[in-house]
Amino acid sequence: MNFAIRNVKQYTAMQKMSQSIMKSAAKPQNSAAVSRFSGSAVSEDETLRRRALVDTFDPNSMTGQHIDPEKLELEKAKGERIREITEKLNMGKRLSQEEKDFLREHSPQLYEEVVKIEEEREKFRQELKGAKTPDEAEQLLIQKKTTIMSGSAKNSSPQMMLAAMEDEYKNFMGKGSDGEVEATGAAKTAAVLNALV
């Protein structure tokens with residue numbers, strides 16, 4: 001029997017039970033009402049509880065529980081926010097403290113990944129500061145990418161880690177007005193000294 005037919009049959013059965021509960025609830029019998037659920041005497045409170053469950057049955061969810069629209073909307077908004085933050089990470093951008101706090105609360109696994117990325121990013125920044133020429137900085141980037149791709153960095157999201165290292169490299173090297181990469185920091189100082197010699 002396919003799922004759709006089973007779903008319709010279950011829904012029809014739930015409607016019949018609801019009708020029988022409504023009939024039994026309409027006829028009060030001392031302290032108990034006879035229920036068709038088990039054939040035994042059931043208290044009026046239990047009958048009303050079962051009726052409420054049947055009334056909130058959602059055939060699409062098959063959980064038999066009422067879906068709170070506000071809670072559903074909050075979950076959608078939370079999922080959308082996590083998706084936006086993930087996109088930002090995939091582009092190699094830094095997260096604000098508010099975004100990190102949000103992840104810490106709502107997506108602890110992704111937050112742990114962000115912490116690892118930030119630690120690696122800081123290490124890479126320190127390595128770049130030690131570079132004396134733009135070529136050395138580029139070699140450091142290539143080494144870092146190779147390490148990440150080989151899996152020695154032990155991160156669950158190499159794409160985010162690679163993007164962060166690339167972004168750090170671009171920030172270190174800087175962008176000229178014509179789009180050309182120009183040396184900054186220690187590399188810029190070395191380039192100026194070489195030009196003077």
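Helices (H or I, at least four residues) and strands (E, at least two) are taken here as DSSP runs, numbered from the N terminus. In these terms the chain holds 8 helices and 2 strands, and along the sequence these elements follow the pattern α-β-β-α-α-α-α-α-α-α. The structure is a predicted model, in which local features need pLDDT of at least 70 and side-chain atom pairs count only at pLDDT 80 or more, while totals for chains, interfaces and linings use all residues. Residues are numbered from 1 along each chain as its sequence is written, and side-chain values use heavy atoms, with hydrogens and water left out.

Of the 197 residues in the chain, 29% are buried, where buried means under 20% relative accessible area, exposed means over 50%, and partly exposed lies in between (1.4 Å probe, protein chains only). The chain exposes about 13,200 Å², and carbon and sulfur atoms supply 54% of that area; accessible areas come from the Shrake-Rupley method with a 1.4 Å probe, and for residues only the protein chains shown count as cover. A contact is defined by heavy atoms within 4.5 Å, and among contacts between residues at least 6 apart in sequence, 47% join residues at least 24 apart.

Helix α3 comprises the 22 residues 69–90, which at 1.5 Å a residue should span 32 Å, and its end C-alpha atoms, 31 Å apart, agree with this expectation; the expected span is 1.5 Å times one less than the number of residues in the helix. Ile82, Ile85 and Leu89 are buried in α3. Seen down the axis of α3, these buried residues fall within an arc of 60 degrees, so they line one face of the helix, the arc being that of the directions from the helix axis to the C-beta atoms. The face turned away from this buried side carries the exposed residues Pro69, Glu73 and Lys76. The cover over the buried residues of α3 includes α4 (97–106), α5 (108–129) and α7 (158–173). Just after α3, Gly92 takes a positive phi of about 85 degrees.

In helix α4, the buried residues are Glu99, Lys100, Phe102 and Leu103. They cover an arc of only 160 degrees around the axis, which puts them on the same side of α4, and what covers them includes α3 and α5. Glu99, which lies in α4, has a relative accessible area of 9% and is therefore buried. When residues up to four places away in sequence are not counted, Glu99 touches Arg81, Ile85, Lys88 and Arg94. Glu99 and Tyr111 are 12 residues apart in sequence, and their C-alpha atoms are 9.4 Å apart in space.

Two packed helices are described by the angle between their axes and the distance between the axes. The axes are lines fitted to C-alpha atoms, for helices over the stretch in contact, and the angles run from 0 to 180 degrees between N-to-C directions. Helices α4 and α5 pack at an angle of about 135 degrees, with their axes 6 Å apart. This angle makes α4 oblique to α5, since angles under 35 degrees count as roughly parallel, over 145 as roughly antiparallel, 65 to 115 as roughly perpendicular and the rest as oblique. The contact is made by Lys100, Leu103, Arg104 and His106 of α4 and by Pro108, Leu110, Tyr111, Val114 and Glu118 of α5.

For α5, the 22 residues should span 32 Å at 1.5 Å a residue, in agreement with end C-alpha atoms that are 32 Å apart. The buried residues in α5 include Leu110, Tyr111, Glu113, Val114 and Ile117, and the cover over the buried residues of this helix includes α3, α4, α6 and α7.

The axes of helix α6 (residues 134–150) and α7 come within 10 Å and cross at roughly 175 degrees, which makes α6 roughly antiparallel to α7. Among the residues that meet are Leu141, Ile148 and Met149 in α6 and Leu162, Tyr169 and Phe172 in α7. Met173, also placed in α7, counts as buried at 4% relative accessibility. Met173 and Glu138 are 35 residues apart in sequence, with 9.4 Å between them in space, C-alpha to C-alpha.
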